[in-house]
Amino acid sequence: MENQLTRLNILSVKGIQMRTFHITWLMFFVCFFGWFGLAPLMPTIRTELALTKAQIGNIIIGSVGSTIIARLVIGRLCDSWGPRKTAVRLLLVGSLPVFLVGLAHSYTTFLLFRMAIGVIGASFVITQFHTSMMFAPNIKGTANAVTGGWGNLGGGVTNMVMPLIFAAIVSFGYTPAQAWRYAMIVPGVMMLGIAWLYYKYTTDTPNGNYDQVGYTAKNTKTDWSVLADWRVWALALAYAMCFGMEVTFDNVASLHFVDTFKLSQSSAGFWAGIFGFMNIFARALGGLVSDKIGKKYGMRGKGLLLAGVLLLEGLGLLLFAQAGTLVAAITAMLTFALFLKMSNGATYGIVPFVNQKNVGLVSGIVGAGGNLGGMLFGFLFKSSTISYAEAFTYIGYTVLAVAVIVLITRFKREPEGTTQVAASVSMA
């Protein structure tokens with residue numbers, strides 16, 4: 001595509017490409033902040049609503065599961081509406097359950113609100129799609145990894161910040177039952193602010209919005225042949241193991257630290273936040289290394305890198321599951337977190353090249369795979385017969401198995417110049 005950037009200067013906001021770069025990761029960050037805003041407050045919510053372990057498991061499954069369908073839909077809408085309109089509409093609609101979750105006073109209503117909030121997790125697909133539109137192939141993996149990582153950072157920051165917002169509201173004389181409800185107004189307002197920024201300061205492509213460059217939905221049809229491509233499913237499995245584990249950990253970390261190591265809600269939120277905060281560099285590192293290896297060893301090298309970091313993630317998870325002290329647990333967490341987030345970046349260092357005529361659809365399928373993994377992992381944490389430590393052990397072995405699958409998958413890159421948007425631009 002014309003006018004795609006070949007270099008990434010993260011300190012720059014000059015040009016539509018870099019403005020879009022920063023606004024799209026901010027959009028994802030805010031959506032993640034809202035998506036997981038309730039997770040660090042679950043010790044309080046659990047007490048107020050008298051939730052059982054099975055019910056908490058259902059809430060985790062619901063909050064992640066609803067995003068699966070949403071990601072598939074959003075991927076296709078990016079192809080047809082364009083990422084700009086898709087992002088603005090998702091933010092506006094998604095802010096409603098974030099604002100209104102405070103109306104929940106029972107397990108059932110809380111579960112329904114969590115499922116509705118989970119839809120905003122599809123913002124990831126928009127970020128990856130939009131970044132792919134703005135950057136050339138030589139830097140696409142790094143750019144995707146940085147925007148994805150900084151967006152995922154919202155999951156860490158919310159674990160740290162929401163308990164502080166909660167405590168501040170309590171200090172004004174409100175009860176804990178009121179405080180967690182009022183705290184969720186903050187991410188809702190943030191989402192509305194980013195919707196305005198996205199509408200005003202971004203375009204669908206470096207050359208303008210879809211309607212300006214002659215792109216219309218009738219120019220293309222959904223190519224469902226991608227479903228027959230094993231490489232897409234291998235990437236979906238890989239993303240289930242890394243991103244799926246990430247959203248699962250974001251959901252259960254505070255409860256795990258409170259129950260296992262007897263930490264306070266604020267302290268547990270801090271350590272859970274450290275896990276998410278590593279996205280500030282680790283996911284970007286995975287994308288950067290993927291691009292570097294891709295230049296020298298091609299797509300095969302990218303695949304080997306992904307298999308390697310998944311292997312190390314699995315081993316780190318096994319160590320975390322066996323940790324008997326807080327220090328050992330934090331050390332193991334930092335270890336598996338590094339390779340997990342690098343796996344995220346390495347996965348999407350491959351995604352844009354698997355089928356360049358259907359970037360949005362492939363991004364949606366792989367993104368949905370991540371949430372499917374998180375949903376399935378939720379069943380382990382729901383079980384009354386499986387401890388959290390045992391659940392982490394089972395997941396660790398599963399990650400190792402998927403690393404082997406990725407290792408034997410042969411990734412190839414399509415010829416340049418076949419993207420749908422590139423074709424539409426040439427007709428403008």
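Gln128 touches Asn144, Thr147, Gly148, Arg283 and Tyr348, residues up to four places away in sequence being left out; contact here means heavy atoms within 4.5 Å. The model is a predicted one, in which local features need pLDDT of at least 70, side-chain atom pairs count only at pLDDT 80 or more, and totals for chains, interfaces and linings use all residues. Residues are numbered from 1 along each chain as its sequence is written, and side-chain values use heavy atoms, with hydrogens and water left out.

- Gln128 belongs to helix α6 (residues 123–134); helices are DSSP runs (H or I, at least four residues) numbered from the N terminus.
- Gln128 counts as buried because its relative accessibility is 1%, buried being under 20% relative accessible area with a 1.4 Å probe and protein chains only.
- Ser363, in helix α15, is likewise counted as buried, at 2% relative accessibility.
- Apart from neighbours within four places in sequence, Ser363 is in contact with Val125, Tyr348 and Val351.
- Between the C-alpha atoms of Ser363 and Ile16 there are 22 Å, and the two residues stand 347 residues apart along the chain.

**Helix α5**
- The 12 residues of α5 (residues 107–118) should span 16 Å at 1.5 Å a residue, and the 16 Å between the end C-alpha atoms agrees with this; the expected span is 1.5 Å times one less than the number of residues.
- Phe110, Leu111, Arg114, Ile117 and Gly118 are the buried residues of α5.
- Viewed down the axis of α5, these buried residues fall within an arc of 125 degrees, so they line one face of the helix; the arc is that of the directions from the helix axis to the C-beta atoms.
- The partners against which the buried residues of α5 pack are α1 (15–35), α2 (42–49), α3 (53–80), α4 (83–100), α8 (176–183) and α10 (230–261).

**Largest pocket**
- The largest pocket is lined by 19 residues, and Trp233, Ala236, Ala368, Gly369 and Leu372 lie nearest its centre.
- A pocket is an open set of points on a 1 Å grid over the protein atoms alone, where a 1.4 Å probe fits, with protein on both sides within 12 Å along at least five of seven lines; lining residues have an atom within 4 Å of a point.
- At least two lining residues come from each of α3, α10 and α15 (359–382), and α15 gives the largest share, eight residues.

**Confidence**
- The chain averages a pLDDT of 90, and 94% of the residues score at least 70; pLDDT is the predictor's confidence in each residue, from 0 to 100.
- Over residues 417–428 the pLDDT is below 50, and this stretch has 25 contacts in the model beyond near neighbours in sequence.

Methods: Buried < 20%, exposed > 50% of the residue type's maximum accessible area, 1.4 Å probe, protein only.
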